[in-house]
Amino acid sequence: MENVEESMADLSIEHLPHSFSDHCPLLVTTIPILFPIRVWHFRFEASWLLEESCEAEVQRLWTESDGSVPERLKQVGLGLDSWFRAIKKAKKVTTKGLRDRLAQLCDLPPHH
């Protein structure tokens with residue numbers, strides 16, 4: 001009998017050859033799904049409009065993108081995600097620095 005393989009999403013069954021028995025051995029292989037597949041969807045964030053550099057960033061990303069309109073829109077969306085993540089990271093560092101400085105000031109002895 002020849003090898004026949006049937007596949008499903010997370011397992012495969014292979015019929016192995018046999019010679020001494022009338023039974024056909026099966027090899028079942030499970031394939032663990034380690035990470036769920038994430039599909040990226042563009043989501044406009046209103047907070048982007050609070051950033052002075054938003055309009056210039058959109059113009060830069062659009063100018064640097066190429067392809068069809070849907071491809072360019074995806075490139076702009078991905079670029080805006082990266083741009084805003086960098087802004088949030090910078091602000092988080094600033095916020096952390098301010099909190100650390102405030103904690104230092106609170107530990108100072110009072111002036112009379």
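This is a predicted model: local features need pLDDT of at least 70, side-chain atom pairs count only at pLDDT 80 or more; totals for chains, interfaces and linings use all residues.

Which residues are linked in a network of salt bridges? I found Glu57, Arg60 and Glu64 linked in this way.

Entry 1: I looked at Glu57 and Arg60, whose closest N and O atoms are 2.6 Å apart. They sit three residues apart in helix α1, so about one helical turn separates them. Next I checked Arg60 with Glu64 and read 2.7 Å from N to O. This pair is four residues apart in helix α1, again about one turn. Glu57 is buried at 14% relative accessibility, Arg60 is partly exposed at 37%, and Glu64 is exposed at 55%.

**Entry 2: another salt bridge.** My search of the whole structure gave four salt bridges. One of them joins Glu51 and Lys91, with the closest N and O atoms 2.7 Å apart. Glu51 lies in the loop between β3 and α1 and Lys91 in helix α2, so the pair ties together parts that are 40 residues apart in sequence. Glu51 is buried, because its relative accessible area is 16% and the cut-off for buried is under 20%.

Entry 3: I then turned to the largest pocket, which holds about 180 Å³ of space. Its lining has three nonpolar, one polar and four charged residues; Trp40 and Phe42 are among them. I met Trp40 and Phe42 again in a nonpolar surface patch with Phe44, Leu49 and Leu78. Together the patch residues have about 500 Å² of accessible area.

Note on methods
Residues are numbered from 1 along each chain as its sequence is written. Side-chain values use heavy atoms; hydrogens and water are left out. On a 1 Å grid over the protein atoms alone, a cavity is a set of points where a 1.4 Å probe fits but cannot get out, and a pocket is an open set with protein on both sides within 12 Å along at least five of seven lines; lining residues have an atom within 4 Å of a point. Grid points are joined across faces, edges and corners, and a volume is the space filled by probe spheres set on the points. Ala, Val, Leu, Ile, Met, Phe, Trp, Tyr, Cys and Pro count as nonpolar, Asp, Glu, Lys and Arg as charged, and the others, Gly among them, as polar. Patches are made of residues with over 30% relative accessible area and no salt bridge: like charges are joined within 9 Å, nonpolar side chains (Val, Leu, Ile, Met, Phe, Trp, Tyr) within 5 Å. Accessible areas come from the Shrake-Rupley method with a 1.4 Å probe; for residues, only the protein chains shown count as cover. A salt bridge is a side-chain nitrogen of Lys or Arg within 4 Å of a carboxyl oxygen of Asp or Glu. Helices (H or I, at least four residues) and strands (E, at least two) are DSSP runs, numbered from the N terminus. Buried means under 20% relative accessible area, exposed over 50%, partly exposed in between (1.4 Å probe, protein chains only).
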